[in-house]
Amino acid sequence: MKKNEKGSVKKTDLVAKVGPLKGLNVAVSLWSKVLVLSLIIYAFAWSEHAESSFGAINGWILKGMKWYYIGLVAVLLFYVVWLMLSRFGSIRLGKDTDRPEFSSFSWFAMLFGAGMGIGLVFWSIAEPIYHLQSNPFITPEMAGTPEAAQVAMRLTFFHWGLHPWAIYVFVGLTLAYFSYRKGLPLTIRSSLYPIIGNRIYGPIGHAADIMAILGTVFGIATSLGLGVQQIATGLHHLTGIGFFVMENAEGNLVPSNVAMVTLIALISGIATISVVSGVGKGIRILSEFNLWLSITILAFFIAFGPTRYLLNSFLQNLGDYIGHVVPLSFWSDANKDGDWQGWWTAFYWGWWISWAPFVGMFIARISKGRTIREFVAGVLLVPTLLGFIWLTLFGGTAMHIQLFGGGGIIEAVNQDVTLALYSTFNAMDVSAFLAKLAATLATLLIATYFITSSDSGTLVVNTLMSMGDPNPPVVHRVIWGVGEGAVAAVLLLTGGLKTLQTAAIAAALPFAIIIAFMILGLTKSLHQEKTT
C-alpha cells in the first residue's frame with residue numbers, strides 16, 4: 001500500500017485545484033488541446049498540403065510498419081485467450097468482494113455500441129461486396145462468383161471478428177486491473193507502473209495519456225465522418241430533399257458538406273447532453289436502445305431476407321472463419337507485397353488501435369468487479385458472435401441479391417459506398433412500405449450509434465485528462481463533446497473521409513508502440529501478484 005499511497009499523493013498534485021482547468025491534469029489537458037487545435041488549423045488552412053502529408057505518413061505506416069501491426073494484433077489475440085484460460089483468470093478486477101455494477105444485458109449493449117457501432121453499419125454490406133470483386137485470394141476469373149463470395153465473407157469476418165475485440169480486451173483489461181485492483185489512476189500511464197514506477201506521474205506518463213487522447217479524438221472523428229455521410233444519404237433516400245446531397249465531379253449524388261456539418265452539430269449536441277448525464281443514465285439508456293433497435297433490424301433481415309440462405313451462410317461462414325483465422329492472423333503478403341493489405345487489414349488494425357484507448361477505457365469503466373476470465377470471455381466472444389450474425393444478415397442478403405437476385409449492389413457500392421445499405425433494402429422482396437420502414441430504422445440506428453460513440457469518447461478523453469476521475473468536470477465534457485464534432489467537421493470539409501482515415505492511422509502509431517510496453521507491465525504485475 002505504501003507505493004499506492006505515495007502514488008496517489010502525486011496523482012493529486014497533478015490535478016488543478018482552482019481555475020479554468022480545475023479537476024484536470026494541467027499538462028495533459030493543455031498539450032492535448034494545443035496538439036488537436038494545431039492539427040485542425042493546419043488541416044483547415046493548408047488543406048492540400050495536409051492531405052498530402054497525412055497521406056504520405058499513412059502510406060509509410062501501412063507499408064513500412066505493416067509487419068508490426070499484423071504481429072502485434074496477432075500477439076494480443078493469443079495473449080488474452082491465454083489469460084482467460086490461465087490461472088490468472090480467477091483474479092477479480094477490483095477487490096475480491098467487488099461485484100459488477102451493470103447487468104449483463106446493459107454491459108453487452110454498451111460494449112457493442114462503443115466498440116463497433118457506426119463502422120459496422122457502414123461496412124457490413126460494402127466490404128463483402130468490395131471483396132467479391134477483388135482480393136488477393138481469388139483470380140480475376142473468380143470475381144463475382146459464389147466461390148468469391150465465400151472468400152469475401154471470410155475476409156470481412158476476419159476484419160470485424162476476434163482481432164479488433166482482442167485489442168479492446170487487452171487495453172480495457174489492463175486499465176481495469178491497474179485501476180481497480182492496484183489502486184492506480186484509470187489512465188493509460190498506470191499500465192507502465194511495473195516498468196517505470198512513480199515516473200508514470202512525470203513526462204513519460206503525460207506523453208502516454210496525450211497519445212491516447214489524440215488516438216481517441218481522431219478515431220472518433222473518423223467514425224463520426226462515416227456515420228454522418230450514411231445519415232445524409234439515408235435522409236435523402238427517405239425524403240428526396242436535395243439539401244442532403246450534392247453532385248460530385250463524376251456527376252453522382254454524394255452527401256453534401258452543408259448537410260454533413262449541420263448533422264454533426266445537431267447530433268454532437270445530443271451526445272453532449274448524454275455524456276453530461278453520465279454512464280449510468282444517458283449512455284446506458286442509449287446503448288440499450290441501440291441494442292434493441294439492432295435486434296429489430298436483424299429480425300427484419302431474417303423474416304424478409306433469403307432466410308434459408310442466411311442460416312446456411314452463418315454456419316458456413318463461421319466454420320470457414322475458424323478454419324482460416326490462424327493463417328490469416330500472420331499473413332503479411334511478404335512475397336507479393338501488394339497494396340491490398342495496406343488498404344484493408346493493416347488499415348483496419350491501425351483504426352482499431354486508434355480506437356483502443358477510447359473503447360478500452362470505456363470498457364474498463366463499466367467492468368469493475370468482473371473476473372479476468374469473465375471479462376475476456378464476455379468482451380471477446382459475445383460482441384464477436386453478434387458481429388458475425390450482423391455481417392451475415394446484412395452482407396449475406398446483399399450477396400444473395402447480387403449473385404441470385406438480379407444484381408445491382410456492386411454498381412451501387414462502386415458509385416457511392418453510402419448507397420449500399422439502402423440499395424439492399426430496395427432490392428429485397430418486400431413492399432415499398434417495409435423497405436422504407438427498414439431504411440428509416442437503419443438511419444435512426446446510425447444516428448444513435450453516432451451519439452453513443454461521441455458521448456463515450458468524450459467521457460474517455462475527460463477521464464484521461466482528469467487522472468482517471470470517473471466523473472470528470474461537466475464543463476470540460478461539454479467542451480470536448482463540441483470539440484470532437486468540430487474535428488470531424490473540419491477534416492470532412494478539408495479532405496473528406498480519406499483525410500479522417502489517414503489522421504486516425506497516424507495518431508494510432510504511437511499508441512501501438514505503447515501497447516507493447518503495456519503487455520510487459522501487465523505480465524510482470526500478474527506474476528508478482530500470484531507469487532507474493
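## Packing of H2 and H10

At what angle do helix H2 and helix H10 pack, and how far apart are their axes? In this predicted model, where local features need pLDDT of at least 70, side-chain atom pairs count only at pLDDT 80 or more, and totals for chains, interfaces and linings use all residues, H2 (residues 26–45) and H10 (residues 203–239) pack at about 40°, with axes 10 Å apart. H2 is therefore oblique to H10, a term for angles that are not under 35 degrees (roughly parallel), over 145 (roughly antiparallel) or 65 to 115 (roughly perpendicular).

The contact (heavy atoms within 4.5 Å) involves Ala27, Val28, Trp31, Ser32, Leu35, Val36 and Leu39 of H2, together with His206, Asp209, Ile210, Ile213, Leu214, Val217 and Phe218 of H10. By class, 11 of the residues in this contact of H2 with H10 are nonpolar, 2 are polar and 1 is charged.

## The largest nonpolar core

The largest nonpolar core comprises 177 residues, and those with the most contacts inside it are Trp123, Phe170, Phe425 and Phe511; such a core joins buried residues (under 20% relative accessible area) through side-chain atoms within 4.5 Å. Helix H20 (residues 474–531) supplies the largest share of this core, 20 residues. Leaving aside residues up to four places away in sequence, Phe511 touches Val171, Ile188, Ala212, Ile353, Ala356, Pro357 and Met518.

## Isoleucine 513

Isoleucine 513 also lies in helix H20, and is partly exposed at a relative accessible area of 39%, where partly exposed covers the range between buried and exposed (over 50%), using a 1.4 Å probe and protein chains only. Residues are numbered from 1 along each chain as its sequence is written, and side-chain values use heavy atoms, with hydrogens and water left out.

Definitions and conventions:
Axes are lines fitted to C-alpha atoms, for helices over the stretch in contact, and angles run from 0 to 180 degrees between N-to-C directions. Helices (H or I, at least four residues) and strands (E, at least two) are DSSP runs, numbered from the N terminus. Ala, Val, Leu, Ile, Met, Phe, Trp, Tyr, Cys and Pro count as nonpolar, Asp, Glu, Lys and Arg as charged, and the others, Gly among them, as polar.
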